[in-house]
Amino acid sequence: MQQSGSFSSALRGGRLGNSRSGGNKGHVRSALSSAIVVALLFAGAGTAAAQDAQDTRYQEQGKVGDADSWRSDEFKADWGLEAIGAHHAYARGLTGRGIRLGIFDSGADSRHADFTGKDLRSILMADPGCTSGAVLDGPDACFYTEGDRAQVSILQYTDEDRALVDLLIQFGWLVPDANEILEGLSGISYETHGTHVAGTMLANRDGNGTHGVAYGADLTTARLFANSYSDVTALLSGIFGVNFGGTEISIGPSSEAVAAMYEQMSAQGVRAINHSWGLASEPSTPEDMDALYNSDGAAEYFNTYVAPSIRDGMLQVWAAGNNDGDIAGIYATLPRWVPEAEQYWLSVANINEGGGIDGSSSICGLSKDWCVSAPGTEITSTVIGGDAEVEYKYDDDGNLIGFEVVGENPQFGYGNLTGTSMAAPHVTGALALLMERFPYLDNPQIRDVLLTTATDLGEAGVDEIYGWGLIDLAKAIDGPGMLRVDTNVAMNAFAGGEKVWDGPAWDDWRNDISGPGRLTKSGIGWLRLSGDNSFGGLSVEDGVLELDGDNALSAAAEVNGGFFVLNGTLRDTDLNVNDGLASIQGTVTGGMTVVGAEGRLHGVGSLGDTRVEGVIAPGNSIGTLRIDGDYTQVAGSVFEAEIQAPDGADLLDISGRADLQGGTVRILRGPGEYLLGQSYNILNAAGGIDGGFAGIDSSAVSPFLDFTFSYSGNAVGLDVSRGMALADAANTRNQRAVATAADALAMDHVLAQRLTQLFPAQAGAALDMLSGELHASAQSVLVDSQQHVRESALARASAGQGAFAHQGDAGSSAWVEVLRGSGTLDGDGNAARTEYSGNTTLVGYDYRFDNGWRLGVLGGTARTDLDARTRASEGDITGYRVGIYAGQAWGSFGVRGGISHDSSEVDIRRSAAFQGLQEQTRVEYDATVTQGFIEAGYRMQAGAWEFEPYLQYAHVGFDIDGFREQGGATALGGSGRDGDVGLATAGLRFNVNLKAAHQADSWLSLRGGLGYRDASGDLLPAATLAWSGADAFTVQGAPLADDATVAELGIAARLSARSLLEFGYRGQFGDDADAQGLNARYSLQF
């Protein structure tokens, strides 16, 4: 907004602005300042150098971790870089990359090659409606500047000026050669001030000239100073304060233009703005300064500069001024009247290369609390020289009102300047490095890091000359040196630069931190403080805060959430764990520790007097937490104790007295087995124990274990005994049988120790593996596999019957048959599914008598593989089979039958693998099966088709030997057993006999059949088993189906008059079991 009143009018007239370079008081921001800058840059021997062509092949020689490797010739060109420790920041990988700085000055000319490649943005500043900066005086004058172009100034030296100079020489006001000096300074020139300041902030590190402090940072530039014109007479009027006349024209920005500039800076993400300028004539006393601020319109005007920081949080760095030891200027001191702006403000005094304040510099004065010192004397940086062509503008009366630049011839190089203008950009650049280093800190916190790590100069502490002292990046990159105010570190980002510390911490503040401020740690990150600290207490709200040094805080440490880690010492400081977790690996001494109802504390360190209302958990895994004092555990609290076989346990070791007012001991599961009958010591109290714990929470360990307290005068222990019965966790009859036997085992039996480590959800699988169930299921397989030899014998007994046979052919026959079969016993919800498959090979001989009877014998071998994978069991049955068979037909009615005997060896292999146990067992034992079978059928013929309804009955008896497995504690012994099964089948078979038209006999027969089978007897197998020295238990195996459908298909082909080849399939399908088989038989009659 447009300001009114004398103060604003004077500023708009251009007479209050002053760049902070040069050593002479009263250098106005117009011709004289430009002239003196040009003289410094280009007249003094060795003070300026032309810019070399940029070397695009520049290779950085600096190395991470080696500060000295960054001290190149380019670095040394600005002695201030080493003075502020910038090389230490570079060695940590910091350049200012990703940080945007701002400059409000005489224009930072972007054409200088040291700004090449940067994201340099220019702000167009203009009064409302202004489109040109050519008119500087009169009713049409308005402010208009482009930030990336240097101000152009004209110093005119006329004959009238020369006459005045001659007169002043005569009076002794000017040196004798003043005419020659002024002749050399007059003309059109570029104001290099802003370009020099910007170079100190962030000029490229490219091997040429010098480089800026934050050479990787980006820049937004705005120009405060419009182009200006002055003749020497007006210039001398300003110097001597006498109105000699003359012409001087310039213009300053309106408050609207300044406010718009700040808005653009904020929108572009500028975090700190450099101001190396001030009033042309600053107040020299506090009283004068107060009077100026309180003058008409001043406060409203200054609010244009203050409000953006309060609103947007931008830092503002102000040159203190070049007033030869007077107090810092009013802009640098504005927080004196606007305290809420203080946290965003920095005032900067000028230090010379000798380490003291430069004679030209203002002192920090009233701004001391936010003032630092920085190198500003004979500082080498980027400059612009050369000249320009202008076209003058006149009003209707012929008065000069401005000029327009119509041609330019800029020259770029490097040169030296002195002033707080040169000190301020060292500070602004340092802020950018710290902003990159601490991405989780806000701008005021970054400023405080810079303040509190400065090297103290002059009087001890913050003083009026040096403020906080010389900025020190070597120290600042390791965090603050003091907490001036309560500070909330919202850590949601990792530290910037290279990590130079060990461990998972996101950042490590290695400075000793003092101050009255309280540290609050929020955000999810991990912050480590490894120095010796004495600030005003701490609060942990989120994430991790770690203390590694010797800490003596002036207020309590409060854990309200997150994770507090103490690896060092906390002296004379109370620790209150209200919520979250405290990990005490170091020592708390001289203070009271209280674990609140929502808090948790663990570790292997040491505490003083301690009161627990929440959770205390000695150790990290198994370990001891020491209490150097008295200990109180209140009702409702929890003592967590991890126990580990054979006798390890967390321990609370108390030097004083333990007052146990209740609370629960919560047992945590550690590695190993908690042996039944074992005792674990969890608390010692040298001063004795009052009261006791209220109860035990063992839900984290097996409920098959029971824990009870044992108290002595100075100790508390836990004794382990049986808890819940294993049988209570069983879900099936077999599991229950095994569990009942396990419950009866002695407490020192290996299986009792291992099984009681399990949880109920784990127990069922373990009991199944221990059951030996496959021993019982093998019985069903033995019985079911006999069907193959039975059907083969009956098929041969009926040979020669039917239309396909040669009628009346008596004589001998030999045959061989190969069978491949498989089956599944699905189980019944108690026993597991058992799968089996195998091969049988049979050979036989039979003779058909003239009266039609056929009598034969057979023999062979068989192997059947067993798989009960859900019981971690497998096996096989191998053996030999023999039998006799006979058959006769009387017309269409036929009868056949036989007897077979099977002698087998059963090989069972089991695995038992669960927590604490892994064993394998194996055993081989004998089993025999004998069966008798008979079948009757009536054959009917219809053309080529034949049908035969039939009835069949088989009686299968088995005898299985006892056994003893080999393989450890899980090995079982089994009793012998026998039994029998009856199988009755009724069905219908058919076949169709095929022959060619010219053949008398059929040569091919297609066959099939369907039947129903009913089983009775010992269909549900059982085995009585026992571990060594234990009670026996009985388990049941997968049962045989009590009824099933049987189906058969086949084909027979005569290969000759006396040879026959047959292929067949036979299937048996029941609700709980099924079996299939394929066979091939070749028979030869002779």
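# A guided tour of the predicted model

Begin by selecting strand S61 (residues 1059-1070) and strand S62 (residues 1073-1085), which pair in the antiparallel sense over eleven bridges. Two strands are said to pair if DSSP finds at least two bridges between them. Strands (E, at least two residues) and helices (H or I, at least four residues) are DSSP runs, numbered from the N terminus.

The structure is a predicted model, in which local features need pLDDT of at least 70 and side-chain atom pairs count only at pLDDT 80 or more, while totals for chains, interfaces and linings use all residues. Residues are numbered from 1 along each chain as its sequence is written, and side-chain values use heavy atoms, with hydrogens and water left out.

Keep S61 and S62 on display. A hairpin through two residues joins these strands. Glutamate 1062 can be selected together with arginine 1081, which stands opposite in S62.

S60 and S61 run antiparallel and are joined by eleven bridges. They too form a hairpin, with four residues between the strands. Select isoleucine 1051, whose bridge partner in S61 is phenylalanine 1063.

## Second stop: an enclosed space

A cavity is found on a 1 Å grid over the protein atoms alone, as a set of points where a 1.4 Å probe fits but cannot get out; its lining residues have an atom within 4 Å of a point. Grid points are joined across faces, edges and corners, and the volume is the space filled by probe spheres set on the points. By this rule, there are nine cavities of 30 Å³ or more.

The second largest cavity holds about 120 Å³ of space. To find it, select Asp784, Leu983, Arg1013, Ala1041 and Gln1068, which lie nearest its centre among the 16 lining residues. Which element gives the largest share of the lining? The answer is S57, with three residues.

Colouring the lining by residue type gives eight nonpolar, two polar and six charged residues. Here Ala, Val, Leu, Ile, Met, Phe, Trp, Tyr, Cys and Pro count as nonpolar, Asp, Glu, Lys and Arg as charged, and the others, Gly among them, as polar.

Move to the open sheet with the strand order S8-S7-S10-S11 and mixed pairing. Its edge strands, each pairing on one side only, are strand S8 (187-190) and strand S11 (248-249). Within the sheet, strand S7 (residues 152-156) and strand S10 (residues 228-231) pair in the parallel sense over four bridges. Select isoleucine 154 to find its bridge partner in S10, tyrosine 229.

## Fourth stop: the disulfides

A disulfide is a pair of cysteine sulfur atoms within 2.5 Å, and the count here comes to two. With the bonded cysteines numbered in sequence order, the pairing is 1-2, 3-4.

Select cysteine 130 and cysteine 142, joined with an S to S distance of 2.0 Å. Their link is right-handed, with 65 degrees about the S-S bond. Are these cysteines buried or exposed? A residue is buried under 20% relative accessible area, exposed over 50%, and partly exposed in between (1.4 Å probe, protein chains only). Cysteine 130 is therefore buried at 9% relative accessibility, and cysteine 142 is buried at 17%.

Next select cysteine 364 and cysteine 371, also joined with an S to S distance of 2.0 Å. Why is this disulfide of cysteine 364 and cysteine 371 called left-handed? The torsion about its S-S bond is about -65 degrees, so it is left-handed. Cysteine 364 is buried, with a relative accessible area of 0%, and cysteine 371 is buried at 0% relative accessibility.

## Last stop: two aspartates

Most residues other than glycine have a negative phi. Select aspartate 324, where phi has a positive value near 50 degrees. Aspartate 324 lies in the loop between strand S14 (315-319) and strand S15 (345-351), and counts as partly exposed at 42% relative accessibility.

Finally, select aspartate 572, where phi is likewise positive, near 50 degrees. Aspartate 572 is found in the loop between strand S27 (569-571) and strand S28 (575-584). At 55% relative accessibility, aspartate 572 counts as exposed.

Terms used. On a 1 Å grid over the protein atoms alone, a cavity is a set of points where a 1.4 Å probe fits but cannot get out, and a pocket is an open set with protein on both sides within 12 Å along at least five of seven lines; lining residues have an atom within 4 Å of a point.
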